[in-house]
Amino acid sequence: MTAASVVVHPNADVLAQSVAARLATSIIDAQAARGEASIVLTGGRIAKAVYTALGASPIRDAIDWGRVDFWWGDERFLPSGDPERNETQARDSLLDTLPVDPARVHAMPAPDGPDGDDPEAAAARYAAELATAAGPGSRTMPHLDVVMLGIGEDAHVASVFPGHPAVYESRDVVAVRGAPKPPSTRITLTFGGINTADEVWLIAAGGGKADAVALALSGSGPTQTPAAGVAGVAHTRWLLDRSAAVALPARFRSPRR
Ligand SMILES: O=C1O[C@H](COP(=O)(O)O)[C@@H](O)[C@H](O)[C@H]1O
């Protein structure tokens, strides 16, 4: 695993603008290097602010949106179009404003989808879609440039919750039942799926996230602190606002923070 870097921003608005600019640059760099980019989206409040910031930024015009694959790190297993779905949030705040290729927008299945109200079958379908994108060979995950993750107050990432079966999973994608945060049924990438990405970004704003961030960066184990269980192959970035960073371990604090 790579070393983690921590960047602290003055407030949530600046954090969102900064992550949006970083995401745009990462997509531009990936397209320059490989001809395409592959990004894993997340849900939650700071993610919505990032998508809104990117959609409003002139940098968006530097990207060939038709050559970006969008995946999701987790989804709330709710009907298509439900405002609580992470997909709906990303579409409303960003994707619907961009000339994306619909075939490259890989939403996780909904209960009104081909598998009906069967989240295990829906998770298996998503795993198969990822494996197809990975191409021939033994890989089960496609190349992922960036996985973005929010962090819960309980230190969950994607829909991997403390002590839940997903923390022990060897499959890349699983269904989650009985999640402590509504809705109780979800689909999620696991540590194994997430940790194939070049870069993993953990994005947190607000004092409610401070203890979770501090625990994850203090050597707490991933079973009880899932945010401690994710890392990018090339880089792991903690992108925080000042409130989420108040309890950072001393070695991650800079004199200016
Ligand atoms: O339920 C979820 O929560 C987390 C964090 O959301 P936030 O609003 O507290 O920032 C999110 O990252 C995850 O994707 C989502 O499904």
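An open sheet of six strands runs in the order β1-β9-β8-β5-β2-β3, with parallel pairing (two strands pair if DSSP finds at least two bridges between them; strands are DSSP runs of E with at least two residues, helices are runs of H or I with at least four, and both are numbered from the N terminus). At the edges stand β1 (4-9) and β3 (68-72), each with a single partner strand, so one side of each is left without a neighbour in the sheet. Neighbouring strands of this sheet are turned by 20° against each other on average, direction ignored. The pairing of β1 with strand β9 (residues 235-241) is parallel and spans six bridges; here Ala4 has Thr236 in β9 as its bridge partner.

This is a predicted model, in which local features need pLDDT of at least 70 and side-chain atom pairs count only at pLDDT 80 or more, while totals for chains, interfaces and linings use all residues. Residues are numbered from 1 along each chain as its sequence is written.

A further open sheet has three strands in the order β4-β7-β6, with antiparallel pairing. Its edge strands, β4 (74-76) and β6 (173-176), each pair on one side only. Three bridges join β4 to strand β7 (residues 186-189), and Asp74 stands opposite Thr188 in β7. Helix α4 (residues 119-134) lies across β6 and β7, running at about 160° to β6 (axes are lines fitted to C-alpha atoms, for helices over the stretch in contact, and angles run from 0 to 180 degrees between N-to-C directions).

Turning to the helices, the axes of α2 (residues 45-56) and α3 (residues 86-93) come within 8 Å and cross at roughly 25°. That makes α2 roughly parallel to α3, a term for angles under 35 degrees, with over 145 counted as roughly antiparallel, 65 to 115 as roughly perpendicular and the rest as oblique. Where the two helices meet, Lys48, Tyr51, Thr52 and Gly55 in α2 face Gln89, Ala90 and Ser93 in α3 (contact requires C-beta atoms, placed from the backbone, within 7 Å).

Finally, what surrounds the ligand? Of the 14 residues around the ligand, Thr42, Gly43, Gly44, Arg45 and Gly150 come nearest (a residue is near a molecule or strand if its C-beta atom, placed from the backbone, lies within 6 Å of it). The elements giving two or more residues to this shell are α2, β4 and β5 (146-150).
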